[in-house]
Amino acid sequence: MSVAAYCIFCYRQIGTSGPATKTHLPWNDISKYGSICIHPRGFVFITYEVLSLKKLLQIDTQAIHQEKLKSYVYVRTTSLNPSDYQGITYQARKEIHKAVRKILETEAKIFRRPFNEQFSTFDGEDHECALWLLLKRSQSEDKEVRLQAVQDLANNSHWHDYQYGTVAQTCDQRTAIGLARSKDIDLRFFLPPPPLPKIKSDYPIEDELRLLLVSLPQTGLDPCVQYFTSLALRESSQTLAAQRGGLWCFGGNGLPYCETLSKIPSETVELFCLQALVQHSKVSSHCDKIEAKGGLQLLQRIYQQRKDSAKIQRNIIRIIGNMALDERLHSSIVRAGWVSVLAEVMKSPHVIQSSHASRALANLDRDTVKEKYPDGVYVLHPQYRSSQPIRADILFVHGLLGAAFKTWRQQDIDRHLDKKASEGEEDYSQCWPKTWLASDCPALRIISVEYDTHLSDWKAKCPVEAHRKSIAYRSNELLDKLRAAGIGDRPLVWVSHSMGGLLVKKMLVDASKNPEMDKIVNNTRGIVFYSVPHHGSQLAEYSINARYLLFPSVEVKELSKDSPALKELNDDFLSFAKDKKFSVLSFAETLPTHIGSMIKLHVVPLESAKLGIGDLIPVDVNHLNICKPKKKDAFLYQRTLKFIQDVLAQEL
């Protein structure tokens, strides 16, 4: 009877590892089991079956609870105990698996075909097997297999948290970058940035930035790099002195501290330092130093602390994008946790933020992007990996006081005058080439360039070496950047505003004289000019006020009406543009523009906007709005779109 009692005890334990249920078995059932177990043969059979069932059906209730939470990553392990794999079904499956794999491997070798990795050595559940199979394929030597695996991973939206976590922990650097450049990617695919060591509360972050700047090379520098570095160090030193009691006054030894006239916010000091680092990051050897001195981790700390400052975050991502031009630093950038940050910023609704992140990721992605995008060259479309082949390039070049994004925004809405437009404000385009043109011509690569321009040398960001602001210098600088970005490898259309049109003409003239730049000229299909002062601008004739034009900049001086340099440039351009039969479309403003609070003038008169070839269309807008359509169906945009589609008809 003692054996019968043990059988009953085992029976009650089957199916749970928690406390036994309190349900009592009827005495009749117990007597039945007892009578069976009294017989020797029944005793042996029942004991074996009960013990086997207990082992197979025992469930860890704690594991079930954790499975519901999905708060960690599971790592599947294979038992080393051979006794766990003695079933006939398992053994048969294993042998068949081996045989089929050997046959397929032999066939692949004989016919020199890639082996189908679907037959792996991994043996698990179907959904788990699919995950690991995709991870293995993402590391394949075959590029097509690798890219398809990354795309398949990115398309999975039904996985559990632990499966995304598994991919985040096990995927390689190349796969992580590919996932970050996939549209609508789930951010659970990425590990968060690694935790950073704590710093002393009395050790401000600007001190770390200052030490990093001091550690970088200070001799043989570009004058602009020297200027930004000295400016940053000066501002940070003043802040440090103010925090510690003030600045020394002039007048001899023993004088007390003088309080600084205006306390500089720490955010401003950090911005000065970051602007200096942006200049340093343009020098390859300095990028090595920044990485060696822990700059990537320092920038990560500042980025996380300054979530409220778009300017600081933008400068940091700009530095990462510059450092990503050097493939030797890619591993360091990934290890510092920047891929997850860039993937998140790519989802930003702000075009400037997302475009900076897109540039950095494109420079990291050597699997699908052969071009490199130097500082100031931004891809507006496509910003993600795409199966859509690129047929042609559209290049946007802004003018005086313009920028890569704000110049090409939709015309600002006046809520008081246009109530209907303000009601549809959610459809407002921050950059119409990125939204409207990309949707109408998805086979285009759309690029916008940025360079610094100023009305006065008082306002210059880098007031050294004035010749750098000339059209000739900028032409050579931009041509080198554009060739690195692959401009000239495909059919090309230029779109320019104001002084940007003069820069386009100068670049084409210079490229026509340089055999290495021939592709840019030969692949140019058309040019759009928005109020370009081919024969000068009235702006250079006005000294509006001391704040702006008391010391006019080089850019403004070059725009003088009937300037000999402009006439020479126009003649040179026309001489070979007619030979190349470029298609040209020009728009001219007819309304005056407010300059300051008192002056209204036609910045580019109709006669100055007339190039001499192509169509010239006057439009009732001012100089600032000539390149900013009111809406997608406005004449300005639709006429520009038609021109692009016509000159690229064969490609599109």
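Residues are numbered from 1 along each chain as its sequence is written, and side-chain values use heavy atoms, with hydrogens and water left out.

**Exercise 1. Find how many helices and strands the protein chain has.**

Solution. Begin with the definitions: helices (H or I, at least four residues) and strands (E, at least two) are DSSP runs, numbered from the N terminus. On that basis, the protein chain holds 28 helices and 11 strands.

**Exercise 2. Find where pLDDT stays under 50.**

Solution. Recall that pLDDT is the predictor's confidence in each residue, from 0 to 100. Across the protein chain its mean is 78, with 67% of residues at 70 or more. Next, look at residues 239-263, where pLDDT stays under 50. Residues 543-551 also have pLDDT below 50. Where pLDDT is low, the predicted coordinates should not be read in detail.

**Exercise 3. Describe the largest nonpolar core.**

Solution. Such a core is a set of buried (under 20% relative accessible area, 1.4 Å probe, protein chains only) Ala, Val, Leu, Ile, Met, Phe, Trp, Tyr and Cys residues joined through side-chain atoms within 4.5 Å. The largest one has 61 residues, and Ile333 and Trp338 are among those with the most contacts inside it. Helix α12 (residues 266-280) gives the largest share of this core, seven residues. Another core, of 43 residues, lies apart from it and includes Leu478 and Val584.

Technical notes: This is a predicted model: local features need pLDDT of at least 70, side-chain atom pairs count only at pLDDT 80 or more; totals for chains, interfaces and linings use all residues. Contact means heavy atoms within 4.5 Å. Buried means under 20% relative accessible area, exposed over 50%, partly exposed in between (1.4 Å probe, protein chains only).
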